[in-house]
Amino acid sequence: MRIVLEKRDDTSAFAAVLSPVIAVLLTLVAGAIMFALMGKDPLAALSTYFLSPLQDWGSIQEIFVAATPIVLIAVGLSLCYLSNNWNIGAEGQLVMGAIFGGFVAIVTHGVPNGPWVFPVMLLAGMLGGALFGLVPAVLKTRFGANEILTSLMLVYVAELLLDWLVRGPWRDPHGFNFPQSVMFEPEALALRLVETGRLHVGALLMLVVVIAGAVVMGRTLKGFEVRLVGEAPRAARFAGFDDKRLTLTVFALSGALAGIAGVLVVSAQIGQLQPTISPGYGFTAIIVAFLGRLNPIGCLVAGLFLALTFIGGENAQIFLRLPLDVTRVFQGFLLFFVLACDTLMLYRIRIEREAAA
Amino acid sequence: MTLLEAIILTVITASTPLLIAALGELVVEKAGVLNLGVEGMMIMGAACGFAVAILTGNTWLGVIGAILAGAVLASVFALLTLGLAANQVASGLALSIFGLGLSGVIGASFVGLQREVMPKLFIPGLSDIPFLGRILFNQDPFVYASLALLAGVWWFLFRTRAGLVLRACGENHTSAHALGYPVLRIRLLAVLFGGACAGLAGAYLSLAYTPFWSPGMTAGRGWIALAIVVFASWLPWRAALGAYLFGGVTILQLHAQGAGLAVPSQFLAALPYLVTIVVLVLIMRARSGASAAPAHLGTPFVPDR
Amino acid sequence: MSVTRRRALLGLGATAGAAALGGTAHAQTPLQAGFIYVGPVGDFGWSTMHDVGRRRAEEVLGAQLRTVHVESVAVPDMERVVQQLARQGCRIIFTTSFSYFQPTVRVAPTLPNVFFESATGTTTAANLAIYNARFYEGRYVQGVIAAMKSRSKQIGYIASFPVPEVVHAINTVMRGAWTIDPAMRVRVVWVNAWFNPGREADAARALIDQGCDVICQHTDSPAPIQLANERGVFGFGQASDMTRFAPRAHLTSNVNNWGDYYVERCRAVIAGTWRPGDTWGGLASGMIRLAPFTNMTPEEVGRAERVVEEIRSGRLHPFAGPIVRQDGQTVIPAGQTLDDNAIRAQNYFYQGIDVQMPS
């Protein structure tokens, strides 16, 4: 007896919605068992993970704040992965964007400035991220160097560069020689949208990017090109699409988005440059991109959901004394089930009896 | 002991876990599967290996425990990506998160304990030869295992029929299936082997390199191993070159600092990564551009009826 | 509403009620204290010792205190965690990393009824206190011991980052060492991490291979001292007593002792006497201790203990003048002492240390 996967002729919309729901249900069951084995109340644990972040307005804002950098990057990565460009270095592009944007904040510190500072920071961040994203792209198109390695190695390089800048040339002269830049002035901070919370303009940017991404992917020739180059490179070449130019374009674009995310993180959540600014947003975005099935709207949903679980995990530490590692295990379960259930969408499962010999 | 000898010995220690994990992942990728969960499997190996060694008092049992832990975690990955044709990149990343968390849960009761360092090989006479003797005959068993693995993987992939079939699965799984080869079963064995190697590499960290457990002690080595596989263009001996290059530059920059070299430490720390990129580009120029990735790397295989 | 939150709100209400009644009875409901760690609780270094302090506070204050801790909180997320802790009813929150300081400064005014304690912070505010330990006092003693034990006259220092805390620690180790033997030298390796056992071990190997026979570490894992043990040289542990990792190599460790401070501050909140302050305690107040001296002769122990006593009593100040920089400039002459702010900001090496300051 064995399990056979039979490809469906077309993916029904019903299955597309059903699969994440089943995944979450399975996670609830698995999680409940795990928590019960650990001696914690399963219902309390599960409600902490999934419901507690929704309990008040401030917390819901936090979901958007946490999701913003991840979703922004994920949309860009979707473009890359669909066209077979494996950009694993979004984390480095985020850092580079933060460096470029932070530079603007630092040079305008103490000098009379205006509301133009923040948009300039965003532009600078886009530039920085895009340039840094072009490095693995150029190495790929000119030398055939595999972009998985080059983009990954450059993450470490970007982090070390930030470290050096913040300890050296950009160190706050009045900061007791601690490794930090000056505190960004109010003009350099992301505009808050609400008085009583941390929701900031980045969330709007995120929505704009998601919608723009969906339009590009679904309705424009570029989107078609991206998908064709990824699925059938030879056909794409016959159609006149230049895959090398596309590589440069998508890397620059995803780098720019990561750069924006970087600027938002330092200006909305930290308020200065420090040696470490990101807990791995660039890598989390990779997961979000795939959970979202490389579709911008999907990325938004997946990003918000994942942010929910991160905050839920924090709350679990606070309310239930569940260690962070348990949260990671639980998230692993969730991801496994979502990925497994996605198979339902693409394949029908049949149990087949072995034919008698 | 001269400084050169000491440096070589340290480089060997630093490079060995990278080499072991890279060789395992190389086989996996040659079979057409991309498993980004190396970091998770490695740290599970470190945690379980240490735990078993403490509980049983026997380092070798710890090593076996680590290998099994890596393989078990790999089997979860295999179930997802081979059994259910799930996306390999996401599954691998999920595995890394899961492994990191699970290792912390398992290792929590073993923080603050330590074991004796694994004894090194000692052959009277041979090990005493100045310089070469220590380097060749006075290493701990993991180093010899890594070299045996290197030879074994190379021989298996390029000198046996089974290896040829495995590579065929990676190059074109449809044709391999049409020829009657059990593609999924071959990939499963490859994935388990990769997990075992990653677990073994983790055991090295917690039983020989720094014989204690601490959360996150792999510190990104799994990712470096993945990069080394790519750097190696999926060739075993080139993986060894990559591992030793990376380990070597890492150690040399520490020595440079100790000797008082007046270069920013961050730049020195970035050298291993930069050098890896530069060397890769030079290699690619030399072979004029053709990528050596198995053509069907990362695409799930679902047999049509 | 979750059960715990309801309980916390009731708790706050009860406390308010008790206070309104003149507060004759001790508040029945316990004080909630929150702790935010930058690393995992099990890192056996910085965050572990803060957690040890937290547990000690729970132990001492018993039913009067209930603590909550969150580990491995990234800087962008810290403000969110603070808000959640405050919502949970925490009235005092300890943010235990320098990287949290500026976010703490920003969030403190938005929660005027919560008291904040920032470890290694630099300025105070109406509801923000800072605290730190004078690790350098322990380093001075380590330097004295190192000079007594070293045969090669070279100390190996595994440094994390070129921040003032590490730089003045290196300076102080050498200051102490020079009181025994002015020919002592130091070699420094920057591992660019507070915690990375593999790299720390590699750094230790490099330093030992280059001839150092006493290892000081400013990083958190037991790897360097374990390696020192393996290689037959001496070493000092960090943050906690690491004797069991290196029975033959371990001389002593700086032991971070935050528990007493935490008890004192929580008590102050309970009694309503909390005031913002800048606490920088050393050997005298017990915020740092030295692990029992091991692998030393009785004369060496006696010498070390005398130095400890001199520091404790204030007769010896590790930053007393004259202090001369590497470039020959005199910072302060004999008879003066560097003030706390200057110590906090020290980013130059002393003359006699051949290490370049990484730019």
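**View 1. Where chain B meets chain C.** In this predicted model, 32 residues of chain B touch 33 residues of chain C. Putting these two chains together buries about 2,700 Å², and carbon and sulfur atoms give 57% of that area.

View 2. Look for B:Gln114, B:Phe212 and B:Leu254.

**View 3. Chain A and its helices.** Count along chain A and you'll find 13 helices, plus two strands. The radius of gyration of chain A is 22 Å, close to the 21 Å from the globule rule for 357 residues, so chain A is as compact as a globular protein of that length. Its C-alpha atoms fill a box of roughly 80 × 60 × 30 Å along the principal axes.

**View 4. Inside chain A.** Of the 357 residues in chain A, 60% count as buried. What about who touches whom? Take the contacts in chain A between residues at least 6 apart in sequence: 79% of them join residues at least 24 apart.

View 5. As for charges, chain A carries 23 positive and 23 negative side chains. The centres of those two sets sit 7 Å apart.

Notes:
Residues numbered from 1 in each chain as written. Chains lettered and ligands numbered in written order. Predicted model: local features only at pLDDT ≥ 70, side-chain atom pairs only at ≥ 80, totals over all residues. Heavy atoms only, no water. Helix = DSSP H or I, 4+ residues; strand = E, 2+ residues; numbered from the N terminus. Rg over C-alpha atoms; globule rule 2.2 N^0.38 Å. Buried < 20%, exposed > 50% of the residue type's maximum accessible area, 1.4 Å probe, protein only. Contact = heavy atoms within 4.5 Å. Lys, Arg positive; Asp, Glu negative; His and termini not counted. Charge placed at Lys NZ, Arg CZ, Asp CG, Glu CD. Buried area = accessible area lost by both parts, 1.4 Å probe.
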